[in-house]
Amino acid sequence: MKKLKLALACIVVGLLTVPPVFAQDPIIYPNQGQSPEQQEKDKFECYTWARDQTGFDPMQTPTATTPPPTQQAPQSNAVRGAAGGALAGVAIGAIAGDAGKGAAIGAASGALIGGMRRHDQQRQQQQAQQQWEQEQAANYANRRNNYNRAYGACLEGRGYTVK
């Protein structure tokens with residue numbers, strides 16, 4: 001549960017620091033001499049309309065979907081690999097005439113292979129986490145962009161220049 005909370009916190013921080021190109025609010029100019037009061041009214045009505053049209057609310061704190069599940073690499077991969085390798089080494093060593101030497105070589109090989117498997121699994125989990133984070137950031141940027149387009153269209157329809 002702590003890992004999930006930490007992952008979500010990292011995503012929220014990441015989304016809040018999306019490059020300025022994605023997070024910029026539009027600049028609005030009143031082309032028809034609208035009063036400050038009219039501008040505020042129009043902005044609020046367009047905010048409401050754009051939010052309802054796109055399902056995105058820029059006033060809400062960004063949220064993320066559930067991160068990919070983490071598969072805990074068994075802590076005993078190296079130990080299990082060593083034990084399995086030792087057993088195989090005993091058999092091979094017995095055939096070759098030195099079961100003890102075969103067991104030692106088998107244990108070392110098994111531990112090495114088990115450790116490599118664990119490292120590969122951790123690397124794959126890190127890649128899955130990074131991919132998920134990138135997808136979350138891209139999804140947020142896309143939804144924000146759609147909202148900005150709707151908001152701008154509404155304001156342009158009311159006589160404003162929006163950039």
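Student: How many aromatic pairs does a search of the whole structure find?

Tutor: Four aromatic pairs turn up. Keep in mind that this is a predicted model.

Student: Why is the pair of phenylalanine 44 and tyrosine 47 called tilted?

Tutor: Look at the two values. The ring centres are 6.1 Å apart, and a pair needs centres within 6.5 Å, so phenylalanine 44 and tyrosine 47 qualify as a pair. Their planes sit at 40°. Stacked needs under 30 degrees and edge-to-face needs over 60, so this pair is tilted.

Student: Where do phenylalanine 44 and tyrosine 47 lie?

Tutor: Both are in helix H3, three residues apart, which is about one turn of the helix.

Student: How do you know whether phenylalanine 44 and tyrosine 47 are buried or exposed?

Tutor: Set each value against its cut-off. Phenylalanine 44 has a relative accessible area of 53%, and exposed means over 50%, so phenylalanine 44 is exposed. Tyrosine 47 has 15% relative accessibility; buried means under 20%, so tyrosine 47 counts as buried.

Student: And what makes the pair of tyrosine 147 and tyrosine 151 stacked?

Tutor: Tyrosine 147 and tyrosine 151 are 5.7 Å centre to centre, with 15° between the planes. That angle is under 30 degrees, so the pair is stacked. Tyrosine 147 and tyrosine 151 are four residues apart in helix H5, so about one helical turn separates them. Both are buried.

Student: Which residues form one aromatic cluster?

Tutor: Phe56, Tyr140, Tyr147 and Tyr151.

Student: What makes up the largest nonpolar core?

Tutor: Twelve residues, among them Cys46, Tyr47, Ala50, Phe56, Tyr140, Tyr147, Tyr151 and Val162. To belong, a residue has to be buried and joined to the set through side-chain atoms within 4.5 Å. Two or more residues each come from helix H3 (36-54), helix H5 (99-157) and strand E2 (160-162). H5 gives the most, with six.

Student: Which residues is valine 162 in contact with, leaving aside its neighbours within four places in sequence?

Tutor: Pro26, Ile27, Gly152, Leu155 and Glu156. Each has heavy atoms within 4.5 Å of valine 162, so each counts as a contact.

Student: What about glycine 55: where is its place?

Tutor: Glycine 55 is in the loop between H3 and helix H4 (77-96). Leaving aside neighbours within four places in sequence, glycine 55 is in contact with Ala50 and Arg143. Glycine 55 and tyrosine 147 are 92 residues apart in sequence, with 8.2 Å from C-alpha to C-alpha.

Student: Which residues lie nearest the centre of the second largest pocket?

Tutor: Asp25, Tyr47, Met59, Tyr147 and Tyr151, out of 13 lining residues. H3 and H5 are the elements that give two or more residues to that lining. About 270 Å³ of space lies in this pocket.

Student: How do you know where empty space is left?

Tutor: You roll a probe the size of a water molecule over the atoms.

Student: Last one, for the whole chain: what is the order of the elements?

Tutor: From the N terminus, α-α-β-α-α-α-β, with five helices and two strands in the protein chain. Buried residues make up 28% of the 163 residues.

Key. Residues are numbered from 1 along each chain as its sequence is written. This is a predicted model: local features need pLDDT of at least 70, side-chain atom pairs count only at pLDDT 80 or more; totals for chains, interfaces and linings use all residues. Side-chain values use heavy atoms; hydrogens and water are left out. Buried means under 20% relative accessible area, exposed over 50%, partly exposed in between (1.4 Å probe, protein chains only). Rings of Phe, Tyr and Trp (its six-membered ring) pair if their centres lie within 6.5 Å; planes under 30 degrees apart count as stacked, over 60 as edge-to-face and the rest as tilted. On a 1 Å grid over the protein atoms alone, a cavity is a set of points where a 1.4 Å probe fits but cannot get out, and a pocket is an open set with protein on both sides within 12 Å along at least five of seven lines; lining residues have an atom within 4 Å of a point. Grid points are joined across faces, edges and corners, and a volume is the space filled by probe spheres set on the points.
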